[in-house]
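Me: Could you walk me through a few residues and the packing around them? I would like the cut-offs spelled out as we go.

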Amino acid sequence: MRKIASLLLNLAAVAAGLTAGAVFAQNNAPKLEVKEIRYQGWATQVTFPELAEDLGYLAPLKLNWVGNTISGPQDVQSVATGDIDIGGAFNGAILKLIAAKAPIKPVLGHYGIDEKNYHGFFVLNDSPIKNARDLIGKKVGVNTLGAHIEFTLREYLSRNGLTPAEIKQVTLVALPPVNTEQALRQGQIDVAALFSVLRDKAVERGGIRTLFTDYELFGKFTAGTYVLNEKFIKANPNATRHLVTGVARAIDWAQTQPVEVVRARFEKIIVARKRNEDTSSLAYWKSTGIANKGGVVDDRELQIWIDWLVKDGLLKPGQLKASQAYTNAYNDYAKNPPVASANTSAK
């Protein structure tokens with residue numbers, strides 16, 4: 001009995017010490033300048049800020065959902081205008097905004113491309129379209145103009161020898177992603193650009209074939225980044241580091257957990273937010289696609305699009321330098337990856 005009592009006393013002392021240590025650490029942590037972060041979501045999807053909050057990586061910061069978006073360019077434009085605090089988009093679209101003096105700064109990876117996570121360009125099985133030149137005079141369905149899919153298509157056409165004048169003869173049709181497959185099957189467009197669950201479901205239904213993919217063109221790379229407004233960063237450096245590194249930890253978690261665990265966590269988050277969403281598409285989630293651990297950004301991920309913008313005449317040579325267009329200063333993974341949190345089991 002004395003041994004048991006002694007053990008209980010020791011455990012109590014240890015627990016008290018840990019609690020005191022936690023309080024001390026919390027009291028001595030840099031004071032966060034804001035209490036909440038405004039953001040836009042995506043229907044039936046979980047963003048990495050949402051995952052970070054659910055895993056406990058953002059506390060005491062809280063997310064404030066202001067609505068959904070279906071467009072990366074719109075998301076980052078909302079950051080530029082100060083309507084939200086964090087948003088993500090394709091790097092080419094972000095660089096165009098930066099070149100236009102938009103006060104935004106990429107701070108960590110948002111999405112990427114790999115062998116499991118890619119955009120496919122599809123035609124009907126009986127389509128006469130076999131190669132890039134066959135696309136002249138044809139219609140291609142895309143989710144939005146001036147973003148990832150448009151850049152990828154134009155790169156494909158350029159690599160296959162089409163002149164700028166010929167490329168202009170390929171018509172882009174902006175469609176809601178959920179309607180693109182139907183538009184292809186009904187003959188309203190000739191090519192459908194599809195991604196993620198919409199791609200996989202369309203392939204399962206059959207009757208279509210792949211013309212090309214962005215993974216075939218570029219290999220594995222981080223294609224988009226999260227951005228913050230430069231005014232927000234300057235006014236809230238502590239909150240910026242806490243937010244960026246918290247989201248980076250969530251990316252790392254999704255990069256290293258089994259696919260089934262990530263899907264289950266996403267489903268939990270979607271059900272809990274009560275937005276009347278269908279979670280069946282989560283069965284198709286396969287990968288973050290983000291190339292670097294914790295979403296660390298590197299020059300290559302931006303330089304490839306800077307080169308394209310220069311070639312397309314939208315930027316002057318030397319107007320933008322990749323190394324100056326983004327910052328890893330607020331992402332602790334750029335130096336020493338933080339120790340994984342114990343708060344990773346579904347609550």
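Reply: Arg199 sits in helix H8, residues 196-205 (helices are DSSP runs of H or I, at least four residues, numbered from the N terminus). This is a predicted model, where local features need pLDDT of at least 70, side-chain atom pairs count only at pLDDT 80 or more, and totals for chains, interfaces and linings use all residues. Residues are numbered from 1 along each chain as its sequence is written, and side-chain values use heavy atoms, with hydrogens and water left out.

Me: Is Arg199 buried or exposed?

Reply: Buried means under 20% relative accessible area, exposed over 50% and partly exposed in between, with a 1.4 Å probe and protein chains only. Because its relative accessibility is 2%, Arg199 counts as buried.

Me: Which side chain forms a polar contact with that of Ser287?

Reply: Ser287 lies in the loop between helix H12 (259-273) and helix H13 (299-311). A polar contact is a pair of N or O atoms within 3.5 Å; within protein, one must be able to donate a hydrogen and the other to accept it, and residues adjacent in sequence count only if both atoms are side-chain atoms. At 2.6 Å, the partner of the Ser287 side chain is Asp114.

Terms used: Helices (H or I, at least four residues) and strands (E, at least two) are DSSP runs, numbered from the N terminus.
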